[in-house]
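Hi there,

Here is the structure I promised to send over. Have a look at it first, and then read on for what I found in it.

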Amino acid sequence: MGDVEMAVDSARGASVFWRWWTAGTTSAVGSAMGAVALPLTALTVLDASALQMGMIAAAGYVAWIVIGLPAGVMVQRLPMRRVQVGADLARAAAVISIPLAWWLDCLTVAQLVIVALVISFADVIFDVANSTFLPSIVSKEQLQSRNSLTSGTQATTQLGGPSVGGLIVQVLGAVPTLLVDAASYLVSALLLRTLPERRSETPERWPPVRAMIREGWRFVVHHPVMGPCMWAATAANTVCGAQHALYALYLVRELHAEPGLVGLLLAADGVGTLIGAALTNHITARLGTARALIVAGFVSLAGALVVPLGTGWQAFVAFAVGNVVFSAGVVVFSVVTRTYRQIASPPDLLPRVMATVRFVSWGAIPVGGLIAGAVAGVLSGRVTLMIFVVAAACMPVVLLASPIRHLRNLTDYQQRDDSTGSPTASSELAADTEPA
């Protein structure tokens, strides 16, 4: 009877995972198309400047700076499923407002910035809840493979979404294509409503919000492994912010690419992500998770260096190859560090750990976007992308300057100290932060 009950629970867990996966995949497909349609709307419909493109790109991530830390506390205290459904509905409403304003002939760059802001704030809550939910339905042994699957799925949508989006934009126009993105959020919301609500013990009285935020912050920042990984991710995301702000502008205005070609070239990001996700388990098994991170840092640096090289058709080839290489390195880094956080964080701290890391690292994306937009307005997109190679170099440098350089696997730090019988840095941190 016990075996039967275990089999039933396993089947239910698998069903929940696949519904969760389908919701995310559906939303990602629409978002991938929207990632092409929104900047092309700004460029082709509103003739946006480089600085305005930087503002739109920054608005898409600025919420991580504003509510990134409180988001972990919010997710821990509120009903997770209802919060995610609400975030989906808010994103759908924001995106739908763009075609409506366009049809009414009152669309402005300011509205695009506001829409990007709404999506950004909803994304923060949704993402923290999503990453917190996965460990509750997947065993620790399956986490890396499930995270790799999720990243691989995202890669597939990034690969097909921009290509299809670019073609649809060329046929229908940039603004109508955004309706597909809005529809994807609605489908995601319907699927998420079928998932079970999180079950966790609720204290009679929650600690103060600031104390809870401070506890998560101290745990991550002082952790000998999570801390350096977070700062390396911050360097990588600074580069990503610049790329998000400049890629469309660089391709359209400096390389004179047609919308369909823009979609294909942006899809190279998905190719790199797919390759990285598919190889992550093999790489970590061969090298170890810690060494894999350092290799991924140098691979990402090489990709960022290649992206702005060449002229004419060579520039398109360099852009595609560099985009693939950069994305492959970043996704290996992302899968490995995300899995480690999900395993090594105390369950009651996990939402705040995720929020802290995203607050710092994802908060760098709008900063990178704004700086890139301002610099490109004075220099050029190509020169600005070259300048941001310096930020990419910080990724492996930070890892090599940390205890990670001595490890084969990220978990070796904990295991090494345990074998000597001495308290680990992470366990001391847990003791320090327990009262809060």
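**Where two helices cross**

The axes of helix 8 (residues 209-221) and helix 9 come within 6 Å of each other and cross at roughly 90°. Axes here are lines fitted to C-alpha atoms, for helices over the stretch in contact, with angles running from 0 to 180 degrees between N-to-C directions. Helix 8 and helix 9 are therefore roughly perpendicular to each other (angles of 65 to 115 degrees count as roughly perpendicular, under 35 as roughly parallel, over 145 as roughly antiparallel and the rest as oblique). On the helix 8 side the meeting residues are Phe219, Val220 and Val221, and on the helix 9 side they are Met226, Gly227 and Met230. By class, this contact of helix 8 with helix 9 has five nonpolar residues, one polar and no charged ones. For those classes, Ala, Val, Leu, Ile, Met, Phe, Trp, Tyr, Cys and Pro count as nonpolar, Asp, Glu, Lys and Arg as charged, and the others, Gly among them, as polar.

**Before you go further**

This is a predicted model, in which local features need pLDDT of at least 70 and side-chain atom pairs count only at pLDDT 80 or more, while totals for chains, interfaces and linings use all residues. Residues are numbered from 1 along each chain as its sequence is written, and side-chain values use heavy atoms, with hydrogens and water left out.

**The chain as a whole**

The chain has 19 helices and zero strands (DSSP runs numbered from the N terminus, H or I with at least four residues for helices and E with at least two for strands). Of its 436 residues, 53% are buried (buried is under 20% relative accessible area, exposed over 50%, partly exposed in between, with a 1.4 Å probe and protein chains only). Among contacts with a separation of 6 or more, 87% are between residues 24 or more positions apart (contact means heavy atoms within 4.5 Å).

**Two buried residues**

Thr337 sits in helix 13 (residues 313-344). Thr337 is buried, because its relative accessible area is 4%. A polar atom of its side chain lies 3.2 Å from the backbone oxygen of Ser334. Leaving aside neighbours within four places in sequence, Thr337 is in contact with Cys229 and Leu293.

Which residues does Gln243 touch, not counting those up to four places away in sequence? They are Phe326 and Leu385. Gln243 lies in helix 9 (residues 226-254), and its relative accessibility is 7%, so Gln243 counts as buried.

**Exposed spots**

His256 is in the loop between helix 9 and helix 10 (259-266), and counts as exposed at 62% relative accessibility. His256 and Gly312 are 56 residues apart in sequence but 9.5 Å apart in space, C-alpha to C-alpha. Gly377, in helix 15 (residues 364-378), is exposed at 55%. From Gly377 to Gly54 there are 323 residues in sequence and 9.6 Å in space, C-alpha to C-alpha.

Most residues other than glycine have a negative phi. Asp47, however, has a positive phi near 50°; Asp47 is in the loop between helix 1 (2-45) and helix 2 (50-59) and is exposed at 59%. Asp105 has a positive phi of about 60°. Its place is the loop between helix 4 (80-103) and helix 5 (109-137), and Asp105 is exposed at 71% relative accessibility.

Best wishes

Conventions. A polar contact is a pair of N or O atoms within 3.5 Å; within protein, one must be able to donate a hydrogen and the other to accept it, and residues adjacent in sequence count only if both atoms are side-chain atoms.
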